[in-house]
Amino acid sequence: MAVRAEAAAPTWKEGRVIGWVTTVDHKRIGVLYLVTSFGFFLAAGVMALLMRTQLSQADNHFITRDRYDELFTIHGTAMVFLFVVPILAGFGNFLVPLMLGARDMAFPRLNAASYWLFLLGGLVILGSFFASGGPARTGWTGYTPLSSDFAPGNGQDLWILGLHLTSLASLAGAINFIVTIHNMRAPGMTWMRIPLFVWAIEAYSVLLVLVLPTISAAVTLLLLDRQFPDTFAFFAPENGGSLLWQHMFWFFGHPEVYIMILPAMGIISEVIPVFSRKPIFGYKAVAFSTIGIAFASMLVWAHHMFAVGLPTWLNGWFMVTSLAVAVPTAVKIFNWLATLWRGNLIFHAPLLFALGFIALFTFGGLTGIMLAVFPFDYQAQDTYFVVGHLHYVLFGGTVFGVFAGIYYWFPKITGRMYGERLALWHFWLMFVGFNATFLPQHMLGLMGMPRRVYTYERHGLFEWYNLISSIGSFIMGVAILIFLVNAIRSWRSGPRVGADPWKADTLEWYTTSPPPPHNFDSVPYVTSPRPLRDLRLRLSAEQR
């Protein structure tokens, strides 16, 4: 009660704006992450629409080559470092303490610092548009020597600084998640009783701690090469340094793919049981497959380097390890399908986006298996086939998972229900627009269209595929606008809901919507991975 009284006492920090600026409440920090990262998503989406407009016709001159390369680089960087990873951190910040029955994150001030570092890093990266020479134009992978010897101006340096800041933010957040999960669980919540989303955040955090130092070291060496070219030559082509950059980047970059997908898989593992009215099929298998994916992701970085001249036996090793990742991934997919089988399905927006995730991510995974076979990869390397595959995994996978989570937890975050009709329009337009955008890119890649080109000369079917892809991107843009209208309108005036409008299973639904500053007045003893269901059954038995 003392904590509640202290929280209720008015202070100078409770102003409408200053209260958010100075907050150390994990829920507010989670909301800040969600809103800020979605703002960066919108900026990156506008860049994508500009690029697709340029590519909608052959010999188009809507934007110049340099401007296209700048948009391409910042679009990819923003989507990975400013949207996908931080929006998942936003879900984790809001939900992990609630799911564990905790009062807050283990280190509230470090949690706040991680958000402000992320915001600063994002502003630095986008602010590079105003730098001398413009922003970085070397692709989000920053391959040398393009990024070391052929990137004049300060834009590339600001890109490096922005990555440093966002990496520090992610590292601080990951350490906070690990300590919170290991030390602040509710009574009775053993490792085999924690929610599957928390399992995913655990794997996400461990991977971040393991691989972020590599990318930080790589961009530090790159900065030294750029600023002191007469002294340092870490990535000089004559020393084989461009290959060193690829090894360092992809040792981070391939686990980063799973950093971006594992929390989305955790969201799907929470949504499907609730809207199937069944427990998750094979809880332990889903939990351990999360750890299996994280472990395997550390062994496959040269999957992206089959064409650089590695020995055939080494290409074979990375091919086998890449194919092995499909095993724990398939465990998850089959367990989700088994949960849906003969369930009492409720086709609200969270379940529709979860089903879209399964379909699109599975397709992306199958093309990933194709690219893992290095003779095929020789033909498809650096073509639009890879672009299509990447977006089926990360957009069709992670972004659909993110929207499933937004709609699922929207009542908990805001205390109000979203508009279901607009949510259905959002889903179907995004599903149709996504496939129209990225399915033709697989055919374009097989027809020989290289990635990172700003124009082309071929007409006929080649041009038609590009036009369809561009039209699909604008359909997705309309879907995002519908989502924004729905979210803003519902947050302001949507129907109010109680603590548990979905009849869900995990502890975050035990408290009010939205939760109070102290989260819980009391926490029930946890006896299974479904503590709220257990509580409902006990109360029903007592009433009888």
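Colleague: In which loop is the place of Arg 277?

Modeller: This is a predicted model, and what follows should be read with that in mind. Most residues other than glycine have a negative phi. Arg 277, although not a glycine, has a positive phi of about 55°. Its place in the chain is the loop between H8 and helix H9 (283–297).

Colleague: Which residue does a cis peptide bond join to Ser 513, and where does that residue lie?

Modeller: Most peptide bonds are trans. The bond in question is cis, with omega about -5°, and joins Ser 513 to Pro 514. As for its location, Pro 514 lies in the loop between helix H16 (461–493) and helix H17 (531–543).

Colleague: Is helix H3 roughly parallel or roughly antiparallel to H5?

Modeller: Two packed helices are described by the angle between their axes and the distance between the axes. For H3 (residues 26–55) and H5 (residues 108–127), the axes come within 10 Å and cross at roughly 15°. Because angles under 35 degrees count as roughly parallel, H3 is roughly parallel to H5.

Colleague: How many nonpolar, polar and charged residues make up the contact of H3 with H5?

Modeller: H3 passes H5 in a left-handed crossing. The residues that meet there include Leu 32, Tyr 33, Phe 40 and Met 47 in H3, and Tyr 115, Phe 118, Leu 119 and Leu 123 in H5. By class, the residues of this contact divide into 13 nonpolar, 6 polar and no charged.

Colleague: Which helix gives the most to the lining of the largest cavity?

Modeller: The count comes to 3 cavities of 30 Å³ or more, and about 190 Å³ of space lies in the largest. Its lining has 21 residues, with Val 85, Pro 86, Thr 166, Ala 169 and Ser 170 nearest the centre. The elements that give two or more residues to this lining are helix H4 (65–100), H5, helix H6 (155–183), helix H7 (196–227) and helix H8 (241–276). With 7 residues, the one that gives the most is H6.

Colleague: What are the classes of the residues lining the second largest cavity?

Modeller: The second largest cavity has a volume of about 50 Å³. Among the residues that line it are Gly 133, Pro 135, Arg 137, Ala 151 and Gln 156. By class, the lining has 4 nonpolar, 4 polar and 1 charged residues.

Methods. Residues numbered from 1 in each chain as written. Predicted model: local features only at pLDDT ≥ 70, side-chain atom pairs only at ≥ 80, totals over all residues. Heavy atoms only, no water. Axes fitted to C-alpha atoms, helices over the stretch in contact; angles between N-to-C directions. Helix = DSSP H or I, 4+ residues; strand = E, 2+ residues; numbered from the N terminus. Parallel < 35°, antiparallel > 145°, perpendicular 65-115°, else oblique. Left-handed = near helix turned anticlockwise from the far one by under 90°. Contact = heavy atoms within 4.5 Å. Nonpolar A, V, L, I, M, F, W, Y, C, P; charged D, E, K, R; others polar. 1 Å grid on protein atoms, 1.4 Å probe; cavity = no way out; pocket = protein on both sides within 12 Å on 5 of 7 lines; lining within 4 Å. Points joined across faces, edges and corners; volume = space filled by probe spheres on them.
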